[in-house]
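Please look through the structure below before reading on. The questions come after it.

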Amino acid sequence: MKILLLLLTLAAASELYQRTEHYDDQIVVKCELKESFTERLGTLLEKDFVDLWGVDEEKRLHIRLGNQLWSELQSTLPECSVVIENVEEYVSKAEKKPFDKSNPEPSWFEAYHPYDDIVAWYQTLGKNYSGLVKYVESIGMSVEGRNIPAVHITNILADPINTVYFQCQLHAREWISAAVCMNIATYLCENYGKDEQVTKLLDSLQFVFVPIANPDGYEYTWTVDRLWRKNRRVNPGSSCMGVDLNRNYNDHWDEGGSSGSPCSQVYHGSFPASEPETQTTQAYFGAQNGVIAAVDWHAYSQLILRPYGYTMKPSPNEEQLSAIGANMSQAIYSVHGYTYTSMAASGLYLYS
Ligand SMILES: [Zn+2]
């Protein structure tokens with residue numbers, strides 16, 4: 001009987017995470033980032049269901065759209081060509097079996113994990129490294145009422161005043177983002193007292209992680225639509241849900257690269273910081289002492305993007321920022337030989 005119950009439980013768990021949205025009528029095109037194209041990109045992204053994915057190594061922008069729309073637009077987009085002919089096939093191929101909790105191998109980092117499991121994982125990290133980790137269950141609620149947690153990692157006894165801020169999983173479908181934060185958190189905890197550099201870092205500053213900044217959107221990518229990007233706001237007067245949280249911050253809101261249409265993937269919301277997730281992360285970031293560095297982790301592109309995004313004007317800290325970007329790029333290359341290009345965010349296209 002026990003075996004039967006266990007089987008039933010496992011079956012229920014995998015059914016829970018069976019997406020219902022399918023993408024057979026959709027393709028992905030790659031577009032050369034020529035000026036002629038970036039000038040028209042804003043108008044293109046205004047269209048409903050045109051979806052920006054990422055930038056490849058040759059600096060071509062990948063965009064998902066419907067077959068039908070592509071046949072209408074193809075002649076007006078000479079900079080673009082098809083790179084994925086059937087998004088459904090591509091997504092199914094990328095999907096792996098859900099993590100089997102009864103079998104801890106392969107390791108945690110060889111699978112992706114839903115919201116509840118990630119939350120539990122950080123709680124366990126807090127228990128295992130109580131001298132280093134402070135787990136904050138909720139810094140605020142999502143629009144559907146889920147907790148947005150935070151995790152502080154430092155030598156708690158040293159109580160340093162400076163902060164490095166990492167934000168993950170703001171865009172729901174970019175699953176590698178949450179995994180990167182967990183990986184960094186693990187590395188810091190496991191190497192404190194063993195690795196000189198890590199020990200020095202945790203004695204002199206705190207790392208603040210917001211590991212799942214968009215919990216509703218993230219959960220929705222497991223249950224319904226793997227390619228969901230926004231939060232799960234019900235937009236009054238529209239059948240389309242969600243606000244692009246990364247276009248909702250109150251800094252230069254609606255100054256480019258976003259849309260006022262609720263159906264757009266880059267819908268900026270009805271006013272600056274209209275979303276609880278945006279308000280929460282803005283307030284938590286602002287409440288930290290001495291923030292000396294901040295990274296918002298996204299996917300996919302091999303890019304290190306620095307300010308500004310809303311204007312071509314260089315940041316007053318351009319010299320420092322470009323030096324840091326070059327160091328980051330070099331550090332990444334030295335580990336696995338992957339080239340990450342460091343550039344001002346506005347070098348791709350303007351957005352805020
Ligand atoms: Zn993103």
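Reader: What is the average pLDDT of the protein?
Author: This is a predicted model, in which local features need pLDDT of at least 70, side-chain atom pairs count only at pLDDT 80 or more, and totals for chains, interfaces and linings use all residues. Residues are numbered from 1 along each chain as its sequence is written, and side-chain values use heavy atoms, with hydrogens and water left out. pLDDT is the predictor's confidence in each residue, from 0 to 100. Of the residues, 92% score at least 70, and the average is 91.

Reader: Which residues coordinate the zinc ion?
Author: Donors are N, O and S atoms within 2.8 Å of the metal (3.2 Å for Na, K and Ca), and water is not among the atoms, so sites may look incomplete. Along the chain the donors follow the spacing H-x2-E-x123-H. At 2.0 to 2.4 Å, the zinc ion is coordinated by His 171 (ND1), Glu 174 (OE), Glu 174 (OE) and His 298 (ND1).

Reader: How many residues apart in sequence are the parts that His 171 and His 298 tie together?
Author: Helices (H or I, at least four residues) and strands (E, at least two) are DSSP runs, numbered from the N terminus. His 171 lies in the loop between β7 (162–168) and α6 (176–191), and His 298 in the loop between β9 (291–297) and β10 (303–306). The pair therefore ties together parts that are apart in sequence by 127 residues.

Reader: Is His 298 buried or partly exposed?
Author: Buried means under 20% relative accessible area, exposed over 50%, and partly exposed in between (1.4 Å probe, protein chains only). His 171, at 3% relative accessibility, counts as buried. At 31% relative accessibility, His 298 counts as partly exposed.

Reader: Within what arc do the buried residues of α2 fall?
Author: In helix α2 (residues 35–46), the buried residues are Phe 37, Leu 41, Leu 44 and Leu 45. They line one face of the helix, because, seen down the axis of α2, they fall within an arc of 80°. The arc is that of the directions from the helix axis to the C-beta atoms, and its value for α2 is 80°.

Reader: Which residues are exposed on the other side of α2?
Author: The buried residues of α2 pack against β1 (26–32), β2 (51–55), β3 (60–66), α3 (67–73) and β4 (80–84). On the other side, the exposed residues are Glu 35, Glu 39 and Thr 43.

Note on methods. Contact = heavy atoms within 4.5 Å.
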